[in-house]
Amino acid sequence: MIDQSDAWHALEAHVKATGRRHLCELFAEEPDRQVCFTRHAAGLTVDLSKQRWSAETLAHLLALAEQADVPGAIRRLLGGERVNVSEDRPALHTALRLPEGASLVVEGEDVVPGVHRTLERMEAMVERFHTGQWRGATGRAIRHVVNLGVGGSDLGPLMVTHALADYRLRDVHRVEVHFASTMDGSQLADCLARLDPEATLFVLSSKSFTTIDTLSNARTARDWLMARLAGEEGVDAELVMRQHFIGVSASPDKMAEWGIAPAHQLEFWEWVGGRFSLWGGIGLPIALVIGMQRFRELLAGAHALDEHFRTAALADNLPVLLALAGIWNVNFLDIRAHSILPYDGRLEYFAAYLEQLEMESNGKSVTAQGREVGYSTCPVLWGQLGPNAQHAFYQLLHQGTQSVECDFIAPLRRYDEVDNEATRQHLKGQHRLTLANCFAQSRLLALGDDAIDEPGERPGHKRYRGNQPSTTLLLDELTPYTLGALIALYENKVFVQATLWGINPFDQWGVELGKQIAGETQRILESHEGLETMDGSTRALIEAAWAAEANGKASL
């Protein structure tokens, strides 16, 4: 266990001696500490100088990383070894962004050609949409694509398509992409009320092709299409299924059984976790919005960060340093909340994406060997757009009783492409205002009252304690390449933290158990049998649901 190591004990002694030091003191002693704690790679700049650590702290943390064999773990991950120990398989999401011509032989098979065959099939599909050649059952060109997925099959494509909306292709047959994930059908119902069935296609994205949320929505979509299209002249159910559905899954047999034509299937593999899957077929909605060239730029940015992760020394390695800052905060400063604060409206869904990536990966309380941990692991992640959050929960950050680590994320450049000079200058002024807020908030969180130039004693309700640690991540500009690098940065950070905590970030048995119990409860709700097996609270809730259903039928 890592907490029994010499490096861990050294950190425990170090935090007792220095852990209460305020960031004001650290900046006073090292006014140029940003030089020591800033690194660059793949179009990203990471400034860790506002973390509550010193060069000595970092040296201790790097010793911990060496003791946990982080370099070996990186080699094993990128080399295709079976790092997902509970499911006895590799975790090869990084292989999805290897360039054509690269090679990664895993257990006797080079996985790269298969990855690029899927990308080529995806490119052919995208070309058919963008030339208006993908036609529905009545011959109308498809104009709307609805992605039906949940978790990684929804959050990744949703986040990226929104972030890269500026790169939407303009000179092609326009295809609008929509997302529906909730099992209650509310998002899907909203789509169906607005869309034309003759020009609408559904993408069913599910690794196992058994996810109840996705399949429930898929059945509703199928019924909607059949009721409106099947039976028209020359249109039968088979034609509707063939022309209005694409499947993306690691289970081609289940896709075919559901009725999706083999030619309209995109495969991904058991060695790709859902929350790491946007780089392949799950990314079809992204490619439909920005095109395959830009999609490949997204992959290239992620691959560049992977290469940095593979080759950089630990002391200069962005994912490693980001991970070590988190370890220091969670395990030694007892800071168990982490807020993600992008200062760019295009990154509206980035915090939600990271919530799944980090908490589903590292929300574990046992080691990869099944032993209960005696230390904290993943903090609670939450956040939203920084400019909006300033008017929501920043009050707690500045003057509340909780210590919170924050990540501030912003692009340095924006609006260079706007044609009209006056509009461009106005928008650039807004961007400068946004950057000013981003930089000012992190400064105030770090320094507190010392950041305020006001004479005299401040009353208690106006005092800011500061000493809230933060990292600032700057993108040169928000492009497919830098977004790919940013996502890969966090993916690799998650892996490093899992290595240090000794946990497996590539399974999610808590999620699976929740699905199992939900299925059992659904059967009781529908069959009215087995209620006696439930606890008192759940029995009462089920009985309330039955009563509401009976009253509803009576009122009809």
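The model is predicted, so local features require pLDDT of at least 70 and side-chain atom pairs count only at pLDDT 80 or more, while totals for chains, interfaces and linings use all residues. Residues are numbered from 1 along each chain as its sequence is written, and side-chain values use heavy atoms, with hydrogens and water left out.

T377 counts as buried because its relative accessibility is 11%, where buried means under 20% relative accessible area, exposed over 50%, and partly exposed in between (1.4 Å probe, protein chains only).

Leaving aside residues up to four places away in sequence, T377 touches V330, N362, K364, W501 and I503, a contact being heavy atoms within 4.5 Å. A polar atom of the T377 side chain lies 2.8 Å from the backbone oxygen of K364 and 3.5 Å from the backbone oxygen of N362.

On a 1 Å grid over the protein atoms alone, a cavity is a set of points where a 1.4 Å probe fits but cannot get out, and lining residues have an atom within 4 Å of a point. Grid points are joined across faces, edges and corners, and a volume is the space filled by probe spheres set on the points.

The largest cavity has a volume of about 50 Å³, and its lining includes L96, E267, F268 and W269. That lining divides into five nonpolar, four polar and one charged residue. The second largest cavity holds about 40 Å³, with H130, R168, H173 and R174 among its lining residues. Here the division is five nonpolar, two polar and two charged. Ala, Val, Leu, Ile, Met, Phe, Trp, Tyr, Cys and Pro count as nonpolar, Asp, Glu, Lys and Arg as charged, and the others, Gly among them, as polar.

How values were computed. A polar contact is a pair of N or O atoms within 3.5 Å; within protein, one must be able to donate a hydrogen and the other to accept it, and residues adjacent in sequence count only if both atoms are side-chain atoms. On a 1 Å grid over the protein atoms alone, a cavity is a set of points where a 1.4 Å probe fits but cannot get out, and a pocket is an open set with protein on both sides within 12 Å along at least five of seven lines; lining residues have an atom within 4 Å of a point.
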